[in-house]
Amino acid sequence: MSCAAAEPRWLHCGSAFCKNKSDSEELQKIVENEPQKNDRSLVTHDDLFERTSKDSKTKASFNKVVEVFSKKDIRRRGHVEFIYAALKKMPEFGVERDIAVYNKLLDVFPKDVFVPQNFIQKMFNHYPRQQECGVQLLEQMENYGIMPNVETKVLLVQIFGKKSHPMRKYQRIMYWFPKFRNANPFPVPRELPKDPVDLAHFSLTRIANDLDATVTVYQHPLTDITETGEEISQPHIVGIQSPEQRALLAKHNPNRPVFVEGPFPLWLRKTCVHYYLLRAEPVPPEEKLEEELDPELVGPEQSLFYPQLLSLDLNRDLGDDDSFDIDEVEEGPVYAMCMTGGGDQATLAHWICRLQETNPILGRVPTFFRLEAGSGELQTAAGVQYNPGQNPQAGPEMEHITEQEAARSQGMKQ
Amino acid sequence: MNLSRITVWSRAATLGKGVRLAAGVRRTGEEELATHLQPRRLIVSSARSLAYAKDLFLGKLNKNEVFPYPEISHEELEEINQFVPPVEKFFREDVNSKKIDEEAVIPQATLTGLKALGLFGIQVPEEYGGLGLSNTMYARLGEILSLDAAIAVTLSAHQAIGLKGILMAGTEQQKAKYLPRLASGEHMAAFCLTEPGSGSDAASIQTRATLTEDGKHFVLNGSKIWISNGGWADIMTVFARTEVLDADGQKKDKITAFIVERAFGGVSSGKPEDKLGIRGSNTCEVTFEDTKVPVENVIGEVGGGFKIAMNILNSGRFSMGSACAGMIKKLIEMAAEYAGTRKQFNKKLTEFGMVQEKFAIMAQNAFVMESMAYLTAGMMDRPGLPDCSVEAAMVKVTVPYSIGCVFVQVFSSEGAWVCVSEALQVLGGVGYTKNYPFERFLRDCRILQIFEGTNEILRMYIALTGMQYAGKILTGKIKEMKRGSVGVVLEMLGKKVHGSLRRNQDLGLTGQDGLVHPSLTVLAPSAKMLEENAVLFGSTVESLLYRYGKTIVEEQLVLKRVADTLINIYAMTAVLSRSSRSISIGLRNHDHEVLLANNFCKEAYFKNNYWLVQLQKGSPENNDANIKKIAQAVLEKRAYICSHPLDRTY
């Protein structure tokens, strides 16, 4: 900072900028063309990005454009417009989460010019457009969840001084960001696993949130070509079940059906995956079996080691009753969950079939498939054995992973 | 009605000679027994008071129970004094504890020696070939046996729990058949209760015994784990589920105790467990596969195994106190030897205050344990009704004093751990090596806090048993208070004001007719502290019952403090009673006893006050809420969840 102040004020060179090497020939050309364009239209900066990156929109090409702009004019004329345009173009180039690029963009601002020199300047809004632009840049970083670094700070001090609006913005970001960074107890990684089986594994453990639950890959994805030349593809089936669920299922009344339901969506940042449930209706109250405890084994003065209950006619005093009054809505038990590459009944029947290995009761329980977006009627299948081949009636075509709605969730912050 | 029931539980009788007298009486059926004994109990209860520990829950010091300190007769004393030296000599000369620990087996020669001394049948009546010693004398022997923990565990698994079922509830035929050979050590006994899925939770026992068609045998199937002597035992007390028709004629699973001989077939034992301590003892899995047990081998009645298990476990505990005391006495000698010779900075270790403190702690702990153990054993040996049936004796012996036994176990297991650790610390690095036996003692005594019910479970037992007792008596009063009955509230308030005005509670321990030795400056302050604690404890229990009612079962942290306070009060009583007697009859070094007693009482008094004050607070103030929150957060992730101190967010 001090060295910047010592330099002549018209040499608006930032440190990052000075280090850059010379560019390719193509760029030189653009540099030459640019001034004329600049004179003609207000939207030239957008154009500049378009033209430079006809074939590839990458970080390198984005950087090139920024360098070109910085080099072409020592006075950096129109740099505010350029920065606005660049900010808008960042997502297109896929650099919206790159702190280095933001710093480079910040470096476009001429140094020292906007630093207030006396108290009157400090009092009033010194170079408001430029300051606003700086704030805008920081705001975009904020929106993408990018934390400024020391270089950003140095640049901001060089450009706007220590008590400017962008600097304040920087300080606020630095105050709040670390506090919120780990606020989510269930963080989703920025990069989701590419392999659908791994993704299913991740999603299922995320939904279940049970350390005892085991994830089983019932079927690996497979694409094979048979002798007759037909292409056979086998969707993946990944399921999760906890020992507790297994115990619950074992106690299920075999006369009551279980349901395979789905698909239900699960959003992981911009990705949507779907899962299926194996569940049952809530047990009607008349069928509920009270687990009877032998009073001899748990009663007062009877228990082998200590009594599990006292036979006293005294209840907890109101002053020590910290429980809340909660209306509990009973739901049916969920026995297992799965994710699959194909949401048709045949695939899900295969899942149930494999589940039967660890839950023999499923062989005796009628299983209904209630798959959404189908004909709306229940599709029944005999409880005992499923043969995926015999069930050609395919369920709804399910796009397993949709990369849609990117725009909607773009604004999602960290 | 309740009162009569309590009296059933509270009756005291003896395990030793009293039982032997009663052994000839025919067993009676349960109902017959109840009708037979009920009216008499009521009368007796007014004469003989309830057990000491339970009365503490009501803020009463039942001083006649514990004062004066129990004594044994001259004959018994002589008998034990004749008996102790050969056992001591045997342990000094013929037992190589280091080798037993290293090779994880007790040599045959050692076992033969133990058998020859009769140590396999210490409490078996003489008519069955045992020594027929009382609880007190058993405790005395325990002091010596504890010099080798592996042998102590083997012997106590054999007779404190293994054959106790037969001794307590067996029929005449069963006793005649099994006890002689068990007492001579020809057969070894084991106690098979724990199962893979059923540790402290006896309700989940899976081993099953089914009656054969002809009704002559039970077929036993299942496996038991962590059975001490499991690999060596020839006779086992096994607990299994059996189907029993209950009063409504419905089939129900009940637990039944069986005597199972290895010779019945189908009994197999697994590999001995490789343990941290007590390595010489044999612990393994025992599996029963279609083992045919004759119906004559049922202990007690079919379906009545639960009470038997409970009573066996509860009765076997008191000896732990004397055993630990014996061990600490030995440790003190060894550590003092070292501290007296080792010089640092040109000073002997014994001159350093912090080393001195360790010896004081050890001596004090040994003193307290001893006092508690012999007080409890003495109370158990006190003669009961001579004409009561064996079954009644069985129930009565253990239940009132089982709390006392549990106090002893909890206090001494934890005290022993501290003392062994301190003794090792005196030696520093040398103590950590295998050149000295301290590390072995350390490993061995760790088991004390675990077996025969972990200390956590025993604390729950202490607290809940007392709460149940106090609750029954106080329910009416508390209900009145909750209803806002002016009379009761005023009475309570009056009591409180009275208590706060007169800080010193008078429960009759001191003063003119006091039971503690009247010398003003000696024990009186400690006795006052005990009285004060006891009264405060009673009112705290009352307020806890008011606050939590029967849901106190869920408040484990509260119950822990209740149990700890009670253990301390019991220990204070024991040391006061003992040292009062010592002054009165002028035992050697009784001034030292008084010193120890006063020191302990002061410490315990402060601790008790702290716990009692915490008990009167709500969970946010006494940190319980925080403790729960911390544990929940950690257990939810099953990991330590803090970020690393070197982590950064920017």
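# A walk through the two chains

Let's start where the chains meet: between chain A and chain B there are four salt bridges, a salt bridge being a side-chain nitrogen of Lys or Arg within 4 Å of a carboxyl oxygen of Asp or Glu. A quick note before going on: this is a predicted model, in which local features need pLDDT of at least 70 and side-chain atom pairs count only at pLDDT 80 or more, while totals for chains, interfaces and linings use all residues. Residues are numbered from 1 along each chain as its sequence is written, chains are lettered from A and ligands numbered from 1 in the order in which they are written, and side-chain values use heavy atoms, with hydrogens and water left out.

Back to the meeting place. One salt bridge to look up joins the side chains of A:Asp317 and B:Lys482, with N and O 3.6 Å apart. Two helices of chain A, α11 (165–181) and α14 (295–298), each supply at least two residues of the side that touches chain B; helices here are DSSP runs of H or I with at least four residues, strands are runs of E with at least two, and both are numbered from the N terminus. Of the elements on that side, α11(A) gives the most, with three residues. In total, 31 residues of chain A are in contact with 52 residues of chain B, where contact means heavy atoms within 4.5 Å. About 3,800 Å² is buried between the two chains, and carbon and sulfur atoms give 58% of this. Buried area is the accessible area (1.4 Å probe) that two parts lose on being put together, summed over both.

Next, stay with helix α11 of chain A and find A:Lys169. What does A:Lys169 form a salt bridge with at 2.7 Å? The partner is A:Glu142. This pair ties α11 to helix α9 of chain A, across 27 residues. A:Lys169 also forms a salt bridge with A:Glu139, where the closest N and O atoms are 3.7 Å apart. A:Glu139 lies in α9 too (residues 128–143), 30 residues from A:Lys169. Is A:Lys169 buried or exposed? It counts as buried because its relative accessibility is 18%, and buried means under 20% relative accessible area, exposed over 50%, and partly exposed in between (1.4 Å probe, protein chains only). A:Glu139, at 31%, therefore counts as partly exposed.

Now hop over to chain B. The largest nonpolar core has 136 residues, and B:Phe91, B:Leu119, B:Met372 and B:Met467 are those with the most contacts inside it. Such a core is a set of buried Ala, Val, Leu, Ile, Met, Phe, Trp, Tyr and Cys residues joined through side-chain atoms within 4.5 Å. Zoom in on B:Leu119: beyond its neighbours within four places in sequence, it is in contact with residues including B:Phe83, B:Val87, B:Leu141 and B:Leu155.

A last stop is B:Ser146, in the loop between α9 (135–145) and α10 (149–162) of chain B. B:Ser146 counts as buried because its relative accessibility is 6%. Its side chain reaches the backbone oxygen of B:Glu143 at 2.8 Å. B:Glu143 itself belongs to a network of salt bridges with B:Arg140, B:Lys329, B:Glu370, B:Arg578 and B:Glu593. Over all chains, a search of the whole structure finds 39 salt bridges.

How values were computed. A polar contact is a pair of N or O atoms within 3.5 Å; within protein, one must be able to donate a hydrogen and the other to accept it, and residues adjacent in sequence count only if both atoms are side-chain atoms.
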